[in-house]
Amino acid sequence: MKHTRQQYLNNECTHREYYAQFVTPDYIEYIVGRIGAKQLMEATDEHLNSISLKKWDMLNAPNCKQQLIEAGDYLTLAGKVCMAKEAARQFIENNK
């Protein structure tokens with residue numbers, strides 16, 4: 001585990017660094033498959049808020065229960081959205 005929840009809360013790592021540790025290539029592929037590469041690449045907001053929250057909420061979380069426990073965290077709807085948006089950001093950055 002790279003970063004714990006407490007380190008994140010203490011500002012010892014960024015939001016992106018914390019949630020990126022739960023993102024895998026398979027999860028990025030899942031997000032792209034559910035939202036669509038075109039919609040992700042055309043997102044107009046750095047926080048990807050041009051894509052509806054309902055769409056983010058309906059996505060599955062990555063298989064990271066054990067990693068979350070090791071980080072001193074647990075899965076919440078907000079955390080799931082943060083992981084999904086981080087996966088989407090990685091896809092966008094790698095495809096510019």
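**Start at I31**

Select I31 and show its neighbours: leaving aside residues up to four places away in sequence, I31 touches G36, L40, W56, L59, A84, A87 and A88. Keep in mind as you look around that this is a predicted model.

**Two crossing helices**

Next, colour helix α3 (residues 25-35) and helix α7 (residues 77-94); their axes come within 9 Å and cross at roughly 90 degrees. An angle between 65 and 115 degrees counts as roughly perpendicular, so that is how α3 lies relative to α7. To see the contact itself, show the side chains of Y27, I28, I31 and V32 on α3, then K80, M83, A84, A87, A88, Q90 and F91 on α7. Sorted by class, this contact has nine nonpolar residues, one polar and one charged.

**Into the core**

Now select F22, I31, L40 and W56, the residues with the most contacts inside the largest nonpolar core, which has 28 residues. Which elements give two or more residues to this core? They are α2 (15-20), α3 and α7, and α7 provides the largest share, eight residues. As background, nonpolar side chains in soluble globular proteins tend to be buried together.

**Last stop: E17**

Finally, go to helix α2 and pick E17. Is E17 buried or partly exposed? With a relative accessible area of 40%, E17 is partly exposed. Zoom in on the E17 side chain, which reaches the backbone nitrogen of T14 at 2.7 Å. Then draw a distance from E17 to D45: their C-alpha atoms are separated by 20 Å, with the two residues 28 apart along the chain.

Methods: Residues numbered from 1 in each chain as written. Predicted model: local features only at pLDDT ≥ 70, side-chain atom pairs only at ≥ 80, totals over all residues. Heavy atoms only, no water. Axes fitted to C-alpha atoms, helices over the stretch in contact; angles between N-to-C directions. Helix = DSSP H or I, 4+ residues; strand = E, 2+ residues; numbered from the N terminus. Parallel < 35°, antiparallel > 145°, perpendicular 65-115°, else oblique. Contact = heavy atoms within 4.5 Å. Nonpolar A, V, L, I, M, F, W, Y, C, P; charged D, E, K, R; others polar. Core = buried A, V, L, I, M, F, W, Y, C linked by side-chain atoms within 4.5 Å. Buried < 20%, exposed > 50% of the residue type's maximum accessible area, 1.4 Å probe, protein only. Polar contact = N/O pair within 3.5 Å; in protein donor to acceptor, adjacent residues only side chain to side chain.
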